[in-house]
Amino acid sequence: YFASGLISKMIWYAYVAAFVLFIALPKVRYLFMTSVCQWTKRQLNWFQRCGFLMVVDFSAYWNGYEMHGFEKVAAYENCLLVGYHSRCTVDIVYLLAKIQPSTIATYLMFKIPVMSFVLSQFNILPSGSGSKAEMGFITALSATKRPLLLLPGGVYECLKPLAQIGKIQWKKVPGFARIIHKEQQYLGSKTKVVPFYTKNCDRVLYRSDVIYEACGAIGRSMYSKFKKGHYYLMPVMLTLMFLAVGIKLVPRPVKLDAYFGEPVILKEGESAEDFSARIASATQELVDKVEAMPQREFSVPHDGRLKFWATGVYTVVQNAFLVAFILFMIWSPVIIVYYLTAAAYAYAV
(Lines give C-alpha, C1' and ligand atoms only; values in the text may rest on other atoms or scores of the structure.)
Protein backbone atom coordinates (compact mmCIF):
# COMPACT_ATOMS: atom_id res chain seq x y z
CA TYR A 1 0.00 0.00 0.00
CA PHE A 2 2.82 2.37 0.95
CA ALA A 3 4.68 1.57 -2.28
CA SER A 4 1.61 2.13 -4.47
CA GLY A 5 0.93 5.45 -2.75
CA LEU A 6 4.54 6.53 -3.27
CA ILE A 7 4.40 5.58 -6.96
CA SER A 8 1.16 7.53 -7.41
CA LYS A 9 2.73 10.61 -5.85
CA MET A 10 5.84 10.28 -8.01
CA ILE A 11 3.70 10.05 -11.16
CA TRP A 12 1.71 13.10 -10.09
CA TYR A 13 4.86 15.13 -9.32
CA ALA A 14 6.38 14.11 -12.64
CA TYR A 15 3.23 15.15 -14.46
CA VAL A 16 3.21 18.58 -12.77
CA ALA A 17 6.95 19.11 -13.39
CA ALA A 18 6.65 18.15 -17.04
CA PHE A 19 3.61 20.41 -17.42
CA VAL A 20 5.52 23.37 -16.01
CA LEU A 21 8.62 22.73 -18.14
CA PHE A 22 6.98 21.84 -21.45
CA ILE A 23 3.68 23.72 -21.35
CA ALA A 24 3.69 26.66 -18.94
CA LEU A 25 7.21 28.10 -19.27
CA PRO A 26 7.23 28.41 -23.09
CA LYS A 27 4.01 30.45 -22.83
CA VAL A 28 5.38 32.99 -20.36
CA ARG A 29 6.50 35.11 -23.34
CA TYR A 30 2.84 35.78 -24.16
CA LEU A 31 2.58 37.71 -20.88
CA PHE A 32 4.83 40.36 -22.38
CA MET A 33 3.10 40.58 -25.76
CA THR A 34 0.47 43.15 -26.60
CA SER A 35 -2.41 42.34 -28.90
CA VAL A 36 -5.66 44.23 -29.45
CA CYS A 37 -8.98 42.63 -30.37
CA GLN A 38 -10.03 43.99 -33.77
CA TRP A 39 -13.68 44.11 -32.66
CA THR A 40 -13.53 45.68 -29.20
CA LYS A 41 -10.17 47.50 -29.54
CA ARG A 42 -9.28 46.17 -26.08
CA GLN A 43 -6.15 44.34 -25.02
CA LEU A 44 -6.50 40.57 -25.06
CA ASN A 45 -6.12 38.94 -21.65
CA TRP A 46 -3.40 36.36 -20.99
CA PHE A 47 -5.69 33.41 -21.70
CA GLN A 48 -6.59 34.89 -25.07
CA ARG A 49 -3.04 35.89 -25.98
CA CYS A 50 -1.75 32.47 -25.00
CA GLY A 51 -4.47 30.64 -26.91
CA PHE A 52 -5.12 32.82 -29.95
CA LEU A 53 -1.59 33.97 -30.77
CA MET A 54 -0.02 30.55 -30.26
CA VAL A 55 -2.59 28.88 -32.52
CA VAL A 56 -2.24 31.59 -35.20
CA ASP A 57 1.54 31.14 -35.27
CA PHE A 58 1.31 27.36 -35.37
CA SER A 59 -1.43 27.24 -38.02
CA ALA A 60 0.57 29.45 -40.40
CA TYR A 61 3.78 27.43 -39.90
CA TRP A 62 2.40 23.87 -39.83
CA ASN A 63 -0.61 24.11 -42.18
CA GLY A 64 0.00 27.30 -44.15
CA TYR A 65 -3.41 28.47 -42.93
CA GLU A 66 -4.93 31.32 -44.95
CA MET A 67 -8.33 33.00 -45.22
CA HIS A 68 -9.87 34.12 -48.49
CA GLY A 69 -12.66 36.69 -48.68
CA PHE A 70 -12.78 37.69 -45.01
CA GLU A 71 -11.91 41.33 -45.76
CA LYS A 72 -15.46 42.10 -46.91
CA VAL A 73 -16.97 40.01 -44.11
CA ALA A 74 -15.12 42.07 -41.48
CA ALA A 75 -17.00 45.17 -42.64
CA TYR A 76 -20.45 43.63 -42.04
CA GLU A 77 -22.56 44.30 -38.95
CA ASN A 78 -25.00 41.69 -37.67
CA CYS A 79 -22.81 39.07 -39.31
CA LEU A 80 -23.49 35.38 -38.72
CA LEU A 81 -20.89 32.87 -39.95
CA VAL A 82 -22.26 29.39 -40.62
CA GLY A 83 -20.27 26.40 -41.79
CA TYR A 84 -19.81 22.71 -42.26
CA HIS A 85 -18.89 20.76 -39.11
CA SER A 86 -15.80 18.69 -39.88
CA ARG A 87 -15.11 15.73 -37.63
CA CYS A 88 -11.69 16.91 -36.50
CA THR A 89 -12.63 20.61 -35.85
CA VAL A 90 -8.99 21.76 -36.15
CA ASP A 91 -10.12 24.09 -38.94
CA ILE A 92 -12.61 25.68 -36.55
CA VAL A 93 -9.95 26.17 -33.86
CA TYR A 94 -7.71 27.92 -36.40
CA LEU A 95 -10.58 30.15 -37.54
CA LEU A 96 -11.53 31.10 -33.97
CA ALA A 97 -7.94 32.06 -33.19
CA LYS A 98 -7.58 34.07 -36.39
CA ILE A 99 -10.76 36.19 -36.33
CA GLN A 100 -11.82 35.84 -32.64
CA PRO A 101 -15.60 35.77 -33.16
CA SER A 102 -18.25 34.94 -30.62
CA THR A 103 -19.04 31.25 -31.06
CA ILE A 104 -21.95 29.02 -30.15
CA ALA A 105 -20.79 25.51 -29.26
CA THR A 106 -22.63 22.44 -28.05
CA TYR A 107 -23.76 22.66 -24.44
CA LEU A 108 -22.09 19.27 -23.83
CA MET A 109 -18.68 20.96 -23.73
CA PHE A 110 -19.90 23.09 -20.83
CA LYS A 111 -20.83 19.95 -18.86
CA ILE A 112 -17.13 19.14 -18.46
CA PRO A 113 -15.81 20.58 -15.16
CA VAL A 114 -13.65 23.73 -15.55
CA MET A 115 -14.38 23.94 -19.29
CA SER A 116 -17.16 26.49 -18.78
CA PHE A 117 -14.62 29.02 -17.45
CA VAL A 118 -12.01 28.20 -20.11
CA LEU A 119 -14.46 28.43 -23.02
CA SER A 120 -15.91 31.74 -21.80
CA GLN A 121 -12.41 33.26 -22.02
CA PHE A 122 -12.50 32.65 -25.76
CA ASN A 123 -16.00 34.11 -26.29
CA ILE A 124 -17.60 30.67 -26.67
CA LEU A 125 -21.26 30.42 -25.65
CA PRO A 126 -23.33 27.28 -24.95
CA SER A 127 -26.06 26.25 -27.35
CA GLY A 128 -29.57 25.82 -25.97
CA SER A 129 -33.26 26.40 -26.42
CA GLY A 130 -35.81 28.67 -24.78
CA SER A 131 -36.11 32.41 -24.34
CA LYS A 132 -32.80 32.82 -22.49
CA ALA A 133 -30.83 31.12 -25.28
CA GLU A 134 -32.67 33.15 -27.93
CA MET A 135 -31.91 36.41 -26.13
CA GLY A 136 -28.24 35.41 -25.88
CA PHE A 137 -28.20 34.74 -29.63
CA ILE A 138 -29.85 38.08 -30.44
CA THR A 139 -27.50 40.01 -28.16
CA ALA A 140 -24.36 38.29 -29.45
CA LEU A 141 -25.38 38.98 -33.04
CA SER A 142 -26.74 42.51 -32.84
CA ALA A 143 -25.15 44.25 -29.85
CA THR A 144 -21.51 44.19 -31.02
CA LYS A 145 -19.52 44.34 -34.27
CA ARG A 146 -17.95 40.98 -33.45
CA PRO A 147 -19.29 38.29 -35.85
CA LEU A 148 -21.08 35.27 -34.43
CA LEU A 149 -20.07 31.80 -35.60
CA LEU A 150 -22.02 28.56 -35.35
CA LEU A 151 -22.13 25.13 -36.97
CA PRO A 152 -25.82 24.32 -37.55
CA GLY A 153 -25.17 20.61 -38.18
CA GLY A 154 -24.04 20.19 -34.58
CA VAL A 155 -23.12 16.84 -33.07
CA TYR A 156 -24.86 14.74 -35.72
CA GLU A 157 -23.00 16.40 -38.60
CA CYS A 158 -19.74 16.10 -36.66
CA LEU A 159 -20.26 12.36 -36.11
CA LYS A 160 -21.37 11.63 -39.67
CA PRO A 161 -20.24 8.38 -41.39
CA LEU A 162 -17.45 8.37 -43.97
CA ALA A 163 -19.88 8.26 -46.89
CA GLN A 164 -21.38 11.62 -45.85
CA ILE A 165 -18.15 13.60 -45.52
CA GLY A 166 -18.60 16.98 -47.20
CA LYS A 167 -22.41 16.85 -47.01
CA ILE A 168 -24.42 19.46 -45.13
CA GLN A 169 -26.77 17.82 -42.60
CA TRP A 170 -28.92 20.50 -40.99
CA LYS A 171 -32.42 20.48 -39.60
CA LYS A 172 -35.16 21.64 -41.95
CA VAL A 173 -35.39 24.94 -40.06
CA PRO A 174 -32.33 25.44 -37.81
CA GLY A 175 -32.81 27.55 -34.73
CA PHE A 176 -30.77 30.46 -36.04
CA ALA A 177 -32.97 30.84 -39.14
CA ARG A 178 -36.13 30.72 -37.06
CA ILE A 179 -34.87 33.43 -34.67
CA ILE A 180 -33.63 35.71 -37.47
CA HIS A 181 -37.01 35.37 -39.18
CA LYS A 182 -38.95 35.99 -35.96
CA GLU A 183 -36.92 38.93 -34.67
CA GLN A 184 -37.43 41.29 -37.60
CA GLN A 185 -36.78 44.38 -35.47
CA TYR A 186 -33.28 43.40 -34.33
CA LEU A 187 -32.21 40.85 -36.94
CA GLY A 188 -34.31 40.03 -40.03
CA SER A 189 -32.94 41.62 -43.20
CA LYS A 190 -30.26 43.44 -41.16
CA THR A 191 -28.43 40.14 -40.63
CA LYS A 192 -25.94 38.86 -43.18
CA VAL A 193 -25.49 35.09 -43.00
CA VAL A 194 -22.11 34.19 -44.51
CA PRO A 195 -21.19 30.55 -45.27
CA PHE A 196 -17.58 29.43 -44.86
CA TYR A 197 -15.61 26.27 -45.53
CA THR A 198 -12.01 25.12 -45.10
CA LYS A 199 -10.42 22.96 -47.78
CA ASN A 200 -8.86 19.72 -46.42
CA CYS A 201 -10.65 20.19 -43.08
CA ASP A 202 -11.45 16.46 -42.90
CA ARG A 203 -7.89 15.42 -43.77
CA VAL A 204 -5.96 17.42 -41.21
CA LEU A 205 -5.92 14.77 -38.46
CA TYR A 206 -4.55 11.26 -38.75
CA ARG A 207 -7.37 8.76 -38.42
CA SER A 208 -8.37 5.14 -38.84
CA ASP A 209 -11.47 4.62 -41.00
CA VAL A 210 -12.56 1.74 -38.77
CA ILE A 211 -12.32 3.85 -35.60
CA TYR A 212 -13.91 6.80 -37.43
CA GLU A 213 -16.97 4.76 -38.36
CA ALA A 214 -17.27 2.87 -35.05
CA CYS A 215 -16.87 5.87 -32.73
CA GLY A 216 -19.18 7.95 -34.91
CA ALA A 217 -21.96 5.34 -34.96
CA ILE A 218 -21.73 4.61 -31.23
CA GLY A 219 -21.46 8.33 -30.43
CA ARG A 220 -24.59 9.15 -32.45
CA SER A 221 -26.51 6.34 -30.75
CA MET A 222 -25.43 7.44 -27.27
CA TYR A 223 -26.19 11.07 -28.00
CA SER A 224 -29.74 10.15 -29.04
CA LYS A 225 -30.20 8.21 -25.80
CA PHE A 226 -28.61 11.02 -23.78
CA LYS A 227 -31.14 13.52 -25.19
CA LYS A 228 -33.92 11.17 -24.09
CA GLY A 229 -32.75 11.31 -20.46
CA HIS A 230 -30.02 8.65 -20.18
CA TYR A 231 -27.61 11.09 -18.54
CA TYR A 232 -25.44 8.34 -17.03
CA LEU A 233 -24.02 7.80 -20.54
CA MET A 234 -22.38 11.23 -20.61
CA PRO A 235 -18.76 10.28 -19.61
CA VAL A 236 -18.61 7.39 -22.09
CA MET A 237 -20.35 9.43 -24.79
CA LEU A 238 -18.04 12.44 -24.39
CA THR A 239 -14.99 10.17 -24.40
CA LEU A 240 -16.11 8.49 -27.64
CA MET A 241 -16.86 11.85 -29.23
CA PHE A 242 -13.45 13.11 -28.19
CA LEU A 243 -11.68 10.04 -29.61
CA ALA A 244 -13.82 9.98 -32.76
CA VAL A 245 -12.24 13.11 -34.22
CA GLY A 246 -8.86 11.45 -34.88
CA ILE A 247 -5.37 11.50 -33.37
CA LYS A 248 -5.15 14.91 -31.73
CA LEU A 249 -1.47 14.90 -30.79
CA VAL A 250 -0.29 16.61 -33.98
CA PRO A 251 -2.15 17.76 -37.12
CA ARG A 252 -1.22 16.39 -40.51
CA PRO A 253 0.83 19.10 -42.33
CA VAL A 254 -1.66 19.69 -45.17
CA LYS A 255 -2.57 23.08 -46.63
CA LEU A 256 -5.64 24.63 -45.02
CA ASP A 257 -7.48 27.48 -46.72
CA ALA A 258 -10.71 28.99 -45.36
CA TYR A 259 -13.10 30.47 -47.91
CA PHE A 260 -16.05 32.78 -47.23
CA GLY A 261 -19.06 32.89 -49.54
CA GLU A 262 -21.50 35.63 -50.44
CA PRO A 263 -23.91 36.77 -47.69
CA VAL A 264 -27.45 35.41 -47.61
CA ILE A 265 -30.06 37.97 -46.46
CA LEU A 266 -33.66 37.34 -45.49
CA LYS A 267 -36.01 38.52 -48.24
CA GLU A 268 -39.23 40.37 -47.59
CA GLY A 269 -42.08 37.91 -47.06
CA GLU A 270 -39.74 34.91 -47.15
CA SER A 271 -40.53 32.03 -44.78
CA ALA A 272 -38.02 30.72 -42.25
CA GLU A 273 -38.01 27.38 -44.09
CA ASP A 274 -37.14 28.94 -47.46
CA PHE A 275 -34.54 31.19 -45.81
CA SER A 276 -32.78 28.26 -44.14
CA ALA A 277 -32.94 26.24 -47.38
CA ARG A 278 -31.16 29.04 -49.26
CA ILE A 279 -28.43 29.21 -46.59
CA ALA A 280 -27.92 25.43 -46.60
CA SER A 281 -27.79 25.44 -50.41
CA ALA A 282 -25.25 28.29 -50.45
CA THR A 283 -23.10 26.47 -47.88
CA GLN A 284 -23.21 23.17 -49.80
CA GLU A 285 -22.34 24.98 -53.05
CA LEU A 286 -19.34 26.57 -51.33
CA VAL A 287 -18.18 23.18 -50.00
CA ASP A 288 -18.44 21.61 -53.46
CA LYS A 289 -16.74 24.57 -55.14
CA VAL A 290 -13.81 24.61 -52.70
CA GLU A 291 -13.34 20.84 -52.81
CA ALA A 292 -13.22 21.00 -56.64
CA MET A 293 -10.30 23.44 -56.47
CA PRO A 294 -6.85 21.95 -57.15
CA GLN A 295 -4.66 21.31 -54.13
CA ARG A 296 -2.37 24.23 -53.36
CA GLU A 297 1.28 23.31 -53.00
CA PHE A 298 2.52 23.44 -49.43
CA SER A 299 5.19 21.95 -47.23
CA VAL A 300 6.20 22.85 -43.68
CA PRO A 301 9.12 25.31 -43.91
CA HIS A 302 12.33 23.39 -43.21
CA ASP A 303 14.35 26.45 -42.27
CA GLY A 304 16.46 24.32 -40.03
CA ARG A 305 15.48 20.77 -39.11
CA LEU A 306 15.84 21.60 -35.42
CA LYS A 307 12.90 24.04 -35.55
CA PHE A 308 10.75 21.57 -37.49
CA TRP A 309 11.31 18.66 -35.11
CA ALA A 310 11.22 20.87 -32.00
CA THR A 311 7.81 22.26 -33.09
CA GLY A 312 6.46 18.77 -33.77
CA VAL A 313 7.70 17.27 -30.50
CA TYR A 314 6.49 20.24 -28.45
CA THR A 315 3.06 20.01 -30.09
CA VAL A 316 2.80 16.29 -29.34
CA VAL A 317 3.80 16.76 -25.69
CA GLN A 318 1.50 19.76 -25.22
CA ASN A 319 -1.50 18.04 -26.79
CA ALA A 320 -0.84 14.85 -24.81
CA PHE A 321 -1.22 16.92 -21.63
CA LEU A 322 -4.38 18.56 -22.95
CA VAL A 323 -5.91 15.22 -23.97
CA ALA A 324 -5.09 13.72 -20.57
CA PHE A 325 -6.53 16.76 -18.80
CA ILE A 326 -9.77 16.76 -20.81
CA LEU A 327 -10.29 13.02 -20.34
CA PHE A 328 -9.64 13.41 -16.61
CA MET A 329 -12.18 16.25 -16.42
CA ILE A 330 -14.75 14.16 -18.30
CA TRP A 331 -14.38 11.28 -15.85
CA SER A 332 -13.81 13.37 -12.71
CA PRO A 333 -17.47 13.12 -11.52
CA VAL A 334 -17.29 9.33 -11.81
CA ILE A 335 -13.96 9.27 -9.95
CA ILE A 336 -15.35 11.47 -7.16
CA VAL A 337 -18.46 9.28 -6.78
CA TYR A 338 -16.27 6.17 -6.70
CA TYR A 339 -14.03 7.52 -3.92
CA LEU A 340 -16.97 8.81 -1.89
CA THR A 341 -18.68 5.42 -2.19
CA ALA A 342 -15.48 3.61 -1.23
CA ALA A 343 -14.96 5.94 1.75
CA ALA A 344 -18.56 5.44 2.93
CA TYR A 345 -18.22 1.69 2.60
CA ALA A 346 -14.92 1.69 4.51
CA TYR A 347 -16.45 3.81 7.27
CA ALA A 348 -19.48 1.54 7.53
CA VAL A 349 -17.31 -1.56 7.77
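Let's start with Glu66, which is partly exposed at 32% relative accessibility (buried means under 20% relative accessible area, exposed over 50%, partly exposed in between, with a 1.4 Å probe and protein chains only). This is a predicted model, where local features need pLDDT of at least 70 and side-chain atom pairs count only at pLDDT 80 or more, while totals for chains, interfaces and linings use all residues. Residues are numbered from 1 along each chain as its sequence is written, and side-chain values use heavy atoms, leaving out hydrogens and water.

So, which residue does Glu66 meet in a salt bridge? Glu66 pairs with Arg296, at 3.2 Å from N to O (a salt bridge is a side-chain nitrogen of Lys or Arg within 4 Å of a carboxyl oxygen of Asp or Glu). The two sit 230 residues apart, Glu66 in strand S1 and Arg296 in the loop between helix H11 and helix H12 (helices, H or I, are DSSP runs of at least four residues, and strands, E, of at least two, numbered from the N terminus).

Arg296 is itself partly exposed, at 37%. Arg296 also forms a salt bridge with Asp257, with the closest N and O atoms 2.6 Å apart. Here the partner lies in strand S7, 39 residues away, and Asp257 is buried, at 3%. Shared partners join Glu66, Lys255, Asp257 and Arg296 into one network.

Now a separate pair, please: Lys72 and Glu262, whose closest N and O atoms are 2.6 Å apart in another salt bridge. Lys72 belongs to helix H3, and Glu262 to the loop between strand S7 and H11. Lys72 is partly exposed at 33%, whereas Glu262 is exposed at 53%.

Overall, the structure holds 9 salt bridges. Thanks, everyone!
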